[in-house]
Amino acid sequence: MQILKSPLSTSPKKQSEEDEEDMRTEVLDLLTTFIRKTPPPLPDVYINEVFPAAMALTIGCIKDSTAILQSGGECVRACLAQGFQQVTTMNINGVTGMEYTMQLIARMLDPEVSEYGALYSGRLVSSLIKHAGTALNINEILQAVLNKLTKCESPTIQQSLLVVFIKLFNHDLEGSMSFLQSINTPTGENGLVFVLKSWCEIQEMFTGEYETKVAVIALTKFLPHLLASDSPLSQIMVSDERSH
């Protein structure tokens, strides 16, 4: 764990900061693989050493360290998947694992951080919602996801964030639509209109068998709303710029 905990060197006689960052990213990726192959409950070393070290490194990295944000986020997601109760109930200097996870999500979704740092944030958010359920302040997280989505230009990053909402549509279409209708983007656009418009504009560019399947299933759930005269879907104007 020492390589994750030690500060980046500034001496020209040592490895460059870029080399050290690459090494830490590789260590995080390796740990993620080990964690995913370890049946629950996770050994104490993962809970007491790996998780805190990965969390501290990822939350504390500079804004341009997108590789660490990506790899650190996946490492934390693996910990949640294999030992959710162990991770979220642990206590590090008075801060629970759940609180640290929320801090990490906020870091990844920070509008000032490169959009590529949020590449796997959608997966982490969906995993947390799946495991935490009603114990989670989901409204605050979804607002942050929506705000980040408005800042993203890459279809890959947009897909990652949109899948969070798409999964919710599959779970509770009416409730999810109602929530999104009640919030706005930072520019004042209705949340539901923005999410559906963004989704329609990149649906044909979706990648991944699972993500595509989830999206298609969700789209079929909207069919009854297309026939309703008072449907909020009537407000959506999809740009055709991406098709040219």
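**Burial and fold.** I looked up burial first: 48% of the 244 residues of the protein chain count as buried, where buried means under 20% relative accessible area, exposed over 50%, and partly exposed in between (1.4 Å probe, protein chains only). The accessible areas come from the Shrake-Rupley method with a 1.4 Å probe, and for residues only the protein chains shown count as cover. I note that this is a predicted model, in which local features need pLDDT of at least 70 and side-chain atom pairs count only at pLDDT 80 or more, while totals for chains, interfaces and linings use all residues. Residues are numbered from 1 along each chain as its sequence is written, and side-chain values use heavy atoms, with hydrogens and water left out.

I then read off the secondary structure, which comes to twelve helices and two strands; helices (H or I, at least four residues) and strands (E, at least two) are DSSP runs numbered from the N terminus. Along the sequence I recorded the pattern α-α-α-α-β-β-α-α-α-α-α-α-α-α.

**Salt bridges.** I found four salt bridges in the structure, each defined as a side-chain nitrogen of Lys or Arg within 4 Å of a carboxyl oxygen of Asp or Glu. Arg36, Glu74, Arg77 and Arg123 are linked in a network of such bridges. I compared burial: Glu74 is buried at 8% relative accessible area, whereas Arg123 is partly exposed at 37%.

I also recorded a salt bridge between Lys197 and Glu189, at 2.9 Å from N to O. Glu189 is partly exposed, with a relative accessible area of 24%.

**Thr88.** I located Thr88 in helix 4 (residues 66-89), where Thr88 counts as buried at 10% relative accessibility. I found that its side chain reaches the backbone oxygen of Phe84 at 2.8 Å.

**Negative patch.** I listed Glu18, Asp19, Asp22, Glu26 and Asp29 as forming a negative surface patch. Such a patch is made of residues with over 30% relative accessible area and no salt bridge, like charges being joined within 9 Å. Asp19 is found in helix 2 (residues 17-36) and is partly exposed, with a relative accessible area of 39%.

Conventions: Patches are made of residues with over 30% relative accessible area and no salt bridge: like charges are joined within 9 Å, nonpolar side chains (Val, Leu, Ile, Met, Phe, Trp, Tyr) within 5 Å. Lys and Arg count as positive and Asp and Glu as negative; His and the chain ends are not counted. The place of a charge is taken as NZ of Lys, CZ of Arg, CG of Asp or CD of Glu. A polar contact is a pair of N or O atoms within 3.5 Å; within protein, one must be able to donate a hydrogen and the other to accept it, and residues adjacent in sequence count only if both atoms are side-chain atoms.
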